[in-house]
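Q: Walk me through this structure label by label. For each one, I want the value and the cut-off behind it.

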Amino acid sequence: MKNQKKTKKTVKLKIKQAGLFIFTWQIFTGNILSILPATAAEEEPQLTIVHSQENANQWAGITSRLQAAGVKYCVIPLANVNSVADWGDRRVLFLPNIETLTPAQAIALEEWMSKGGRLIASGPVGSLSAPGVRQLLRNLIGGYWGFSLNETQQLQPPKIKTENWANQKALFGTVRGGVLIPDSGSSQAVAIWNSQDSPAAVVTSERSTLFGWRWGVDTASAADLDNAWLKTALNYHQGSLTNNQKKIAGGSPDCTTSLPVLAEAGKNGEIARDNNTFSPPSKPPLTATAPQPRPPIREITPRSPEAIDQLEQTVRLDVLPNSSAPIDNKEAIALQQELENLIGRVESAHLAAAVTASSSGEVATITPRTLKVQHSELISSRTGVGVTSTEQALAQARTIAKNLPQLINQKNYALARQQWLTAKSSLWKQFPLDRRLAQPEIRSVWLDRGTIVRAGSEAGLAEIFDRLAQAGINTVFFETVNASYPIYPSQVAPQQNPLIRGWDPLASGVKLAHARGMEIHAWVWAFAAGNQRHNEVINIDPNYPGPVLAANPDWANYDNRGNVIPVGQTKPFFDPANPQLRQYLLKLYEEIVTRYQVDGLQLDYIRYPFQDPAAGRTYGYGRAAREKFLQQTGVDPVNIAPSDREMWQKWTAFRTEQVDSFVAEVAQQLRKKRSNLILSVAVFPLPEIERIQKIQQHWEVWARRGDIDLIVPMTYALDTPRFQRLAQPWIASKQLGATLLVPGIRLLSLPTVGAFDQLQLVRDLPVSGYALFAAENLNNELQKLFSNTQGRVPQTTSEPIPHRQPFPTAAIRYAALQNEWKFMLQNDQMRMSPTTISDFNIQADVLQKALNQLASSPSASHLISARASLTRFQALFRGWMREEALENPYQVRVWEHRLVTIERLLRYGERRVMVQP
């Protein structure tokens, strides 16, 4: 044995002297060949690790793992990276738990990797970056963080073995992380979560590896498991390098071997504790007086609300052309179901168009099974598609939907996707976009501050309201308070928005909306005190906290590191537990609803900023909150860690109650001033438990208590399947009491027909309307679409708004539903026996009479009668429609949903109308 060692040493020495590389077999996690230069293995770091403000509070755990694993590394501060050279000249880079990269840093990373660099990353890498940065990172990494898991899961090898380098037992333990979405054909899952759908937990490609948890955080994973995965990935990527790939050409060789740990950061994200004072750690100074804007004033197109983009990724259903990636059973069912639903939406829209045409004196027949339309006018002239094309498109789509499972079973994945996309494109062209389809509904839009500013005057604003009225909009959420700046001259707030000069947009908006028969609701930011992006617009210091917080620093809220603005976000927040802040906001809202005849008030940012306790990012440590919680529990919340479940839940419940109680105060105080005021909230459609943990927003409570009239969830998505997945849980919820749900649709980047598709879905589900974000995105194509399909009714008629006249709305919507049934029966398109038809018509007329009576003369007795008739009718409806549902299940479900909408309108009307003085 000694002789063998001596011989090996001699050989190594001779090879080194010859300037050659050593080829050694390293038996480690999968018998992988590791090709390492001897000098690099013995003298130079193997890994460059990136330090940032985001992982600073995890740095102790990260470095202790690296040292325990014996991995040689050096450190690059992310703040120093502006070009490709700044990433360094070493070949393997590690981004642990970094969620924010600038465009310049992402582009530099792309260039660095194009030169042969290999990347290891962990956690939701780049998820708080700009959309373009996130997309670039997905391409580089081959996947992205979809959504967090609510509890720990077991890591497992994939069911289909793809790699042999990640198969050691040490790699598979219990972890708390998130679901990864492989994003290209070149990437694959080498570990999955032990759940029903077997989602990806580790994604790798030839040049990158992404861990689906926050590496180096004790609450996420054990040190041994972290180290096993890092060494495995490092070994894999080093093994893929060739001899001439020692260094990145042009990269800086400067890389320190250590970095000072921030004084206030400790292991597992704990902050420095100070039991003798309530001053938040590292409390940033707040300007005492408002800085004046520096000319010139620049108006920038507002960006979408923070964290919304990430939300829709949790429900994405991407169908990529030419992709041959496997389609699992869940995706196969989703693809078939969505195609069948789209067929149903097209037929449902045509039925409504045909009934409209019939009521106008035109003759048309339609069957949801073959869509026989006698007049080509019922097909959109905009698409140029004839009747035959419509019939063929529906027949083709049905055939494709039927054959999808067979193609997938044959593993013909690319053809399955191609046919699915062909059917979708063809069906979209068949929507009747030139007919009025809409029934009475809430058709609302957010009129954003940027659009108001660009209007410049009442005359300019009048043009906007003319377009909205022509498009059939009946409710405008008018941005009134943004980043603590009111858009009107206030006697309560310290400063009007400096972008408004010489006029009062709110007064003009009220006048213009009411002259056009529209409602206007003041849209206000509640607990978001400022906005770095708005500071850029008005050309002042980006860190300015807003005029209210600048004048009242004690009203500030803080994260667990003493920041007013959470890392990766753009807005400072107020402390909802501060009584002076609450009184100020109540006084401001009272001024709005008493000085101006607005029809409603909408609370936005009625929450805390986004947090992630598992990653050591928490918020809510304002002075008032700490004092109040300490008084209640004897514990300063800065001393509570998420691992202390009992106390952490108390602290979370405390913060949630601050928001809940404020909403209740707003409702109670403002309704005393204006009993007919409509209160609404713009909210996040996250699952209830996750939402409470991350933003302390429990709007189910507000709804059940009757504090609000409308819940407007921001269900923004770029396609209809994602939109439905975001909206459906809340539409079906039984926890909203009598409150109406109004799903939000974001128009930005949404195709015109895609917008109509989402509207048609809303009309086929049991909701009373929708909200469009935002007026700035209402282009000419959308304007024409809305004008044609939901534009103004003739001036001789009056169309009720559901939240204002729920009983008349219910009666008219039921009459439209009854017209569809009559139309189908007259054209022999309903599968019913003569006896059933007679019974059906009698009961339908009884219900119509009861609803009409309630609409014309609201009373308790008429409401009881209408409810009884509706309940009886709903109980019998499914029996009447048994045969029809076998042939046309989608349309029967739509009719059932519309009956549920009427039921909800009666419930809402009981609260809003019957209890009004």
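A: Contact means heavy atoms within 4.5 Å. This is a predicted model, where local features need pLDDT of at least 70 and side-chain atom pairs count only at pLDDT 80 or more, while totals for chains, interfaces and linings use all residues. Residues are numbered from 1 along each chain as its sequence is written, and side-chain values use heavy atoms, with hydrogens and water left out.

Q: Which residues does Thr 475 touch?
A: Leaving aside residues up to four places away in sequence, Thr 475 touches Ile 442, Arg 443, Ser 444, Val 445, Glu 519, His 521, Ile 801 and His 803. Thr 475 is found in strand E15 (residues 475-482). Strands (E, at least two residues) and helices (H or I, at least four) are DSSP runs, numbered from the N terminus.

Q: Why does Thr 475 count as buried?
A: Buried means under 20% relative accessible area, exposed over 50%, and partly exposed in between (1.4 Å probe, protein chains only). Thr 475 has 0% relative accessibility, so it counts as buried.

Q: What makes Asn 227 buried?
A: Its relative accessibility is 8%, so Asn 227 counts as buried. Asn 227 lies in helix H6. It touches Arg 65, Leu 66, Ala 68, Ala 69 and Trp 215, not counting residues up to four places away in sequence.

Q: Why is Glu 781 called partly exposed?
A: The relative accessible area of Glu 781 is 45%, so the label is partly exposed. Glu 781 lies in helix H23 (residues 780-790).

Q: How do H22 and H23 pack?
A: Helix H22 (residues 752-764) and H23 pack at an angle of about 35°, with their axes 10 Å apart. Axes are lines fitted to C-alpha atoms, for helices over the stretch in contact, and angles run from 0 to 180 degrees between N-to-C directions. H22 passes H23 in a right-handed crossing. The contact includes Thr 752 and Phe 756 of H22, and Glu 781 and Leu 785 of H23.

Q: Why are H24 and H28 called roughly antiparallel?
A: Angles over 145 degrees count as roughly antiparallel, under 35 as roughly parallel, 65 to 115 as roughly perpendicular and the rest as oblique. Helix H24 (residues 806-826) and helix H28 (residues 889-912) pack at about 160°, with axes 9 Å apart. H24 and H28 are therefore roughly antiparallel.

Q: What is the handedness of the crossing of H24 and H28?
A: The crossing of H24 and H28 is left-handed. That term applies if the near helix is turned anticlockwise from the far one by less than a right angle; clockwise is right-handed. Among the contact residues are Tyr 814, Leu 817 and Trp 821 of H24, and Trp 895, Leu 899 and Ile 902 of H28.

Q: Which residues have the most contacts inside the largest nonpolar core?
A: They are Tyr 589 and Trp 821, in a core of 189 residues. A nonpolar core is a set of buried Ala, Val, Leu, Ile, Met, Phe, Trp, Tyr and Cys residues joined through side-chain atoms within 4.5 Å. Trp 821 touches Phe 840, Phe 873, Phe 877 and Trp 895, among others. A second, separate core of 33 residues includes Ile 76, Leu 93, Ala 189 and Leu 210.

Q: What makes the link of Cys 74 and Cys 255 a disulfide?
A: A disulfide is a pair of cysteine sulfur atoms within 2.5 Å. The S to S distance between Cys 74 and Cys 255 is 2.0 Å. The search of the whole structure finds one disulfide. Cys 74 is in strand E4 (residues 73-77), and Cys 255 is in the loop between helix H6 (223-239) and helix H7 (308-312), 181 residues apart.

Q: How do you know whether Cys 74 and Cys 255 are buried or exposed?
A: Cys 74 has a relative accessible area of 0%, so it is buried. Cys 255 reaches 16%, so it counts as buried too.

Q: What makes helix H19 mostly covered?
A: Six of the eight residues of H19 (residues 688-695) are buried. They are Glu 690, Arg 691, Ile 692, Gln 693, Lys 694 and Ile 695. These pack against strand E7 (143-148), helix H18 (645-673), helix H20 (699-705) and helix H21 (720-731). Just after H19, Gln 696 takes a positive phi of about 55°.
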